[in-house]
Amino acid sequence: MTAIKHALQRDIFTPNDERLLSIVNVCKAGKKKRNCFLCATVTTERPVQVNVVKVKKSDKGDFYKRQTAWALRDLAVVDAKDAVKENPEFDLHFDKVYKWVASSTVEKNTFISCIWKLNQRYLRKKIDFINVSSQLLEESVPSGENQSAAGGDEEAVDEYQELNAREEQDIEIMMEGCEYAISNAEAFAEKLSRELQVLDGANIQSIMASEKQVNILMKLLDEALKEVDQIELKLSSYEEMLQSVKEQMDQISESNHLIHLSNTNNVKLLSEIEFLVNHMDLAKGHIKALQEGDLTSSRGIEACTNAADALLQCMNVALRPGHDMLHAVKQQQQRFSDLREQFARRLASHLNSVFVQQGHDQSSTLAQHSVELTLPNHHPFHRDLLRYAKLMEWLKNTDYGKYEGLTKNYMDYLSRLYEREIKDFFEVAKIKMTGATREGKKFATLPRKESAVKQETESLHGSSGKLTGSTSSLNKLSVQSSGNRRSQSSSLLDMGNMSASDLDVADRTKFDKIFEQVLSELEPLCLAEQDFISKFFKLQQHQSISGTTTNEAEEMDGGTLSRSYTSGVPQTISSEKDMIRQMMTKIFRCIEPELNNLIALGDKIDSFNSLYMLVKMSHHVWTAQNVDPASFLSTTLGNVLVTVKRNFDKCISNQMKQMDEVKISKKSKVGILPFVAEFEEFAALAESIFKNAERRGDLDKAYIKLIRAVFVSVEKVANESQKTPRDVVMMENFHHIFATLSRLKISCLEAEKKEAKQKYTDHLQSYVIYSLGQPLEKLNHFFEGVEARVAQGIREEEVSYQLAFNKQELRKVIKEYPGKEVKKGLDNLYKKVDKHLCEEENLLQVVWHSMQDEFIRQYKHFEGLIARCYPGSGITMEFTIQDILDYCSSIAQSH
């Protein structure tokens, strides 16, 4: 163990400036693994640090390595397990409990004893040593010179103190003065002794001299005490003399304090009186204006406004504590309250009269707008009422009940007025929309009663009114009178071309202008009314409303002015913007149903009108939302836009449904299908309407649905066609679709355009191959046999030796197809193709040219086989390629 201790000191602890004091060989309890060493160490530098270090032999060699170190100050408990019996187990409690088994009990006891000594010497902390023999701990305490090796080493280290620089310098000076000190230590010691005696004598003399000085100082102190006693006697006599003066001054000071207190109270009283007079005194002119002021003239309104503001200031003055207990103050407050009640009643009554009068005056001007598509201008009405805006704000802050009553009355009067104006306005719009048909049959435009106009224009479902049809390019139903109604066509084939009785682009443009004019008239009307309500009723800002009256919350048609009351005072209004929107909803409650009726009427007249309405309505909604997304106008137009979008989707769905239900004639050729031509018309119209529109995405989605429905319906008609070959139907219609998409350049239909071109090309090739067939049938059969022999392995130049395919047989077959017969066959083919194709698409020459190319291809194929299989025979066809070109050209020209 000594050798190990020496090795650990040399290899591990000396490089770290540590000394190893004790060591114990241990292993973990319950685990029989490689042993390790627990070492108790101290640092050689001060302050001394005491550690417990775990050292383990390295796996890669015989040297040891430092694994873990714990500071002794972190050790809480040392548990020796048994204080009586010998037991190698012990526990050390650091941050957690470490259980160890020592190689021998002696090593364990020695290590624990060392820990005890180090704790006593350096830490003096409370480490619990449990289950440790008291005899072991007593023997561990160092006494005199009988110390253990470890303790002795520590004492030796502590007793030795190194000389500092100054001590070292003094010793050198002393030794220089005594050069013989090194050679004769006794002489050096004698000299030091003599010098020490001299110094002791000097110290004694100094002490004796200082004793004389102390005696002199004591005498001086005695004299000073006598002088102090004399001064105290004089001060006592002076104090007695001033005692009477002090009593007189106290009396004077008390008198001055009372005078000052009286003056202060008078000043405060005067200040309070001035405060009450200045803040709670209302001028006679203001009182007269509140009681008798003229509310019809601008000057009177201004005087009443100033008086109301002054009254509000007097009522809202912040009284100081105690003022409300004064009788005069209570009387003045009651007087102000009476004035407020009196003026509030007079103001509310006058404004109600103004509302009624303005409503009657405005109604008298409706006649001039009855035949024009314009709405009356309410600006003069708003201008006159805005003179009372400040008074309305005063009423709102002082008597919320009357303010709310005025608000309700305003909405009641104005809602009836606007309802008459808007309904008459929409009746004029409906009459203008349904004024005439393209046949020249006009609706009655003579003056009619309002009920008659409503009965005619509001019959939107075809029950018994004048308007029963819906017209569009895909569903053109004439606008007609009830006495002369024409039957609707159930097939799209009867709707292909625009007729004189159908509504054309001019009618749609007329509808578009009327619808735009309706929206353009409604928009400024709503904005002007909303701006007026905001200014007149002072609803620009979000704030809590307080008042002094208690009324039950009144519920209105367009919404509820929501209030909550606590102790009779309305606390808050949910939002003043919400209140504006509720008032607008009540006043203009007829706008949304009237707009929906107008939209339904336009959709009945012509389902394509939904395109115009979608674009116009979207633009106005976008404009309104940019101004205020939560405004009444924005919300109302947004709701109507949903209806317009629903009608647009229904228009597209109806067109797709009618495509699916289309029936074709079995006796006539198909040609360009009506819904294909009508899709072209729809797309052209839609592109002109939706140019730079906000809702372009809706049109693109409709395009995709429609074009896919067109593709499916073309396929269906082609499969059902009996008179016209399937390839012809597909070829012509997809050619028409491709031409339409190429001309309109609709970006969302690029894939469909490519698909249409591919279908057109495929079916053109299929029709050409099928129709042309084998014009030289016997010659074709002959060469098929030749190709079969070659495929069987016979060389091409040896085919002519076959009996069935010799040169004589080839010549016989060729003689059956002279040029005259070939031309006759091509002429018959041309007539057959001409019967299949329609004139609208003009594909006859394209198809004929393709057939010519296919015929020439077959001719060149035959020539190639003759050249390869019958070389040098001189056999040729009786007509040439040039002859074929001439035949085809002459046939095309002759027809």
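Contacts across the chain. I looked up how far contacts reach in sequence, counting a contact where heavy atoms lie within 4.5 Å. Among contacts between residues at least 6 apart in sequence, 70% join residues at least 24 apart.

Basis of the entries. I worked on a predicted model, in which local features need pLDDT of at least 70 and side-chain atom pairs count only at pLDDT 80 or more, while totals for chains, interfaces and linings use all residues. Residues are numbered from 1 along each chain as its sequence is written, and side-chain values use heavy atoms, with hydrogens and water left out.

Overall content. I noted 27 helices and twelve strands, taken as DSSP runs numbered from the N terminus (helices H or I, at least four residues; strands E, at least two). Of the 895 residues, 42% count as buried (under 20% relative accessible area; exposed is over 50%, partly exposed in between; 1.4 Å probe, protein chains only). The accessible surface comes to about 50200 Å², of which 51% belongs to carbon and sulfur atoms (Shrake-Rupley method, 1.4 Å probe; for residues, only the protein chains shown count as cover).

The sheet. I traced an open sheet of eight strands with mixed pairing, in the order β4-β3-β2-β1-β7-β6-β5-β8; two strands pair if DSSP finds at least two bridges between them. β4 (64–71) and β8 (128–130) stand at the edges with a single partner strand each, so one side of each is left without a neighbour in the sheet. Neighbouring strands of this sheet are turned by 30° against each other on average, direction ignored (axes are lines fitted to C-alpha atoms, for helices over the stretch in contact; angles run from 0 to 180 degrees between N-to-C directions).

I then examined β5 (residues 77–79) and β6 (residues 89–93), which run antiparallel and are joined by three bridges. V77 stands opposite H93 in β6.

Helices on the sheet. Helix α1 (residues 2–13) packs on the sheet and touches β1, β2, β3 and β4, its direction making about 115° with that of β1. Helix α2 (residues 105–123) also packs there, touching β1, β2, β3, β5, β6, β7 and β8, at about 140° to the direction of β1.

Y760. I found Y760 in helix α22 (residues 750–772). Y760 is buried, with a relative accessible area of 12%. Leaving aside neighbours within four places in sequence, Y760 is in contact with M731, F734, H735, L843 and V846. Y760 and F738, 22 residues apart in sequence, are 8.2 Å apart in space, C-alpha to C-alpha.

L221. I located L221 in helix α6 (residues 185–279). L221 is partly exposed, with a relative accessible area of 44%.
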